[in-house]
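User: I would like to go through this model and ask what the labels put on it rest on.

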Amino acid sequence: MAGQIRYINEVGSDGWVAGADASGVRIPLCKYTKVEVRETRNHRTQFQVLDGPRKGAVLDMDAHQATRYFGATPPQQGLAALRVKYGHYQAGWVSVARHNQLLDQQFAELQVADVQATVTMNTVWGREFTPLPAGSYKVFAPDGPHDRNMTAFYRNFESTLSSDQLWFPIDVGNRSRYVHVGNVSEGCVTVASLDKWARICEALVSHRSTDGRYVATLTVTGAPERSR
Amino acid sequence: MSGSRWLPLAAFALALWATPGRPQDAAPACGDFLAKAAWRPATLQFVDCEKLEIYGAPALRAHYRTSGADAAAVEALLSARTHMPPLRFNCCGWETAPASPKSPPAGRLALDGAIYEVSMTSGETPVNARAQWPTIEEFQVYVTRFLE
């Protein structure tokens, strides 16, 4: 398979696979990352990353892992259409997944492909971030694995949850707002419908802009019932 | 007992021996990696070590915790010793975040001929100001060794 173009077609349950750089450090790659396989020697497959944040990196991984994770399916060219429409504000919403913690949620409804889900646009009030204003935003391909402690405990509540460490930065401000899974939002699009995350994730990560940087266009409509 | 019965076992042992790096990687022990490196600060408490899958690969991960009051000092120590990137608040919690997509994603610790990756997190929290770290009950530190 030397010289062949391949794509990351399978990932671990956290949403990532990793190749090792020359110093042995693991460099995580998300699904549909494009790679060129160079050679397989001593049970290691060497490859070059052709798009995404790690474009140009030369990495290797166990040859069996490469066989398992690399495939021929490319991402869809173009951006997914992610729509969010503001809904009601609910003070004291009970987060069962967070041990019945009471959270003040500005909810919205999300739609992408054939998936509809409830999202929270803000939970923490009176601080730096507020609900995302109505408008159109681009959504980047995932920037890197986010810490498992932020979301892994949601698996105790929703056993089908996977790829929870895959977050999508929204191209606004300092890019610390994300489309991600969870119950707590600080100006993010936080998918509270935990059982929908896997499908939403696939709908997003399976798309790429021509330059490979973006996966979706996010259109926010309506107005939050609570804005500050 | 016929000598030929030992041939498969001998071939298997030879294959293990002949594979670069395999003897020392065959069964690394899970444990307090920072203590083994002889520099775990007293403010960092070892919790446990487990084998799990990370990024689709088997790994050993040692788990430590420290109080919110001591977290800044621990972060500074890990950054100085392992070049761990500083923690950044991302909706919604503090986590090790590289300065740029090209930067190393975690700190690095060389031990026993292997590379261990070092990261730190508050977990999910609404506390988004560094000055308020002491109000966070505890931070977690992870030291990870990949097995393949």
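Analyst: The model is predicted. A helix here is a DSSP run of H or I with at least four residues, and a strand is a run of E with at least two. On that basis chain B has four helices and seven strands.

User: What makes a residue count as buried, and what percentage of chain B does?

Analyst: A buried residue has 20 or more other C-beta atoms within 10 Å of its own. Of the 148 residues in chain B, 34% count as buried.

User: Why is the set around Val119(A) called a nonpolar core?

Analyst: Such a core joins buried residues of listed types, Val and Leu among them, through C-beta atoms within 7 Å. The largest one has 66 residues, and Val119(A), Val139(A), Leu204(A) and Val215(A) have the most contacts inside it. Helix H2 (residues 197–205) of chain A gives six residues, the largest share of this core. A second, separate core of 21 residues includes Leu44(B), Tyr64(B), Leu87(B) and Trp94(B).

User: How many residues does each chain give to the contact?

Analyst: Chain A gives 38 residues and chain B gives 29. The side of chain A that touches chain B divides into 14 nonpolar, 14 polar and ten charged residues.

How values were computed:
Residues numbered from 1 in each chain as written. Chains lettered and ligands numbered in written order. Predicted model: local features only at pLDDT ≥ 70, side-chain atom pairs only at ≥ 80, totals over all residues. Buried ≥ 20, exposed ≤ 12 C-beta atoms within 10 Å, placed from the backbone. Contact = placed C-beta atoms within 7 Å. Nonpolar A, V, L, I, M, F, W, Y, C, P; charged D, E, K, R; others polar.
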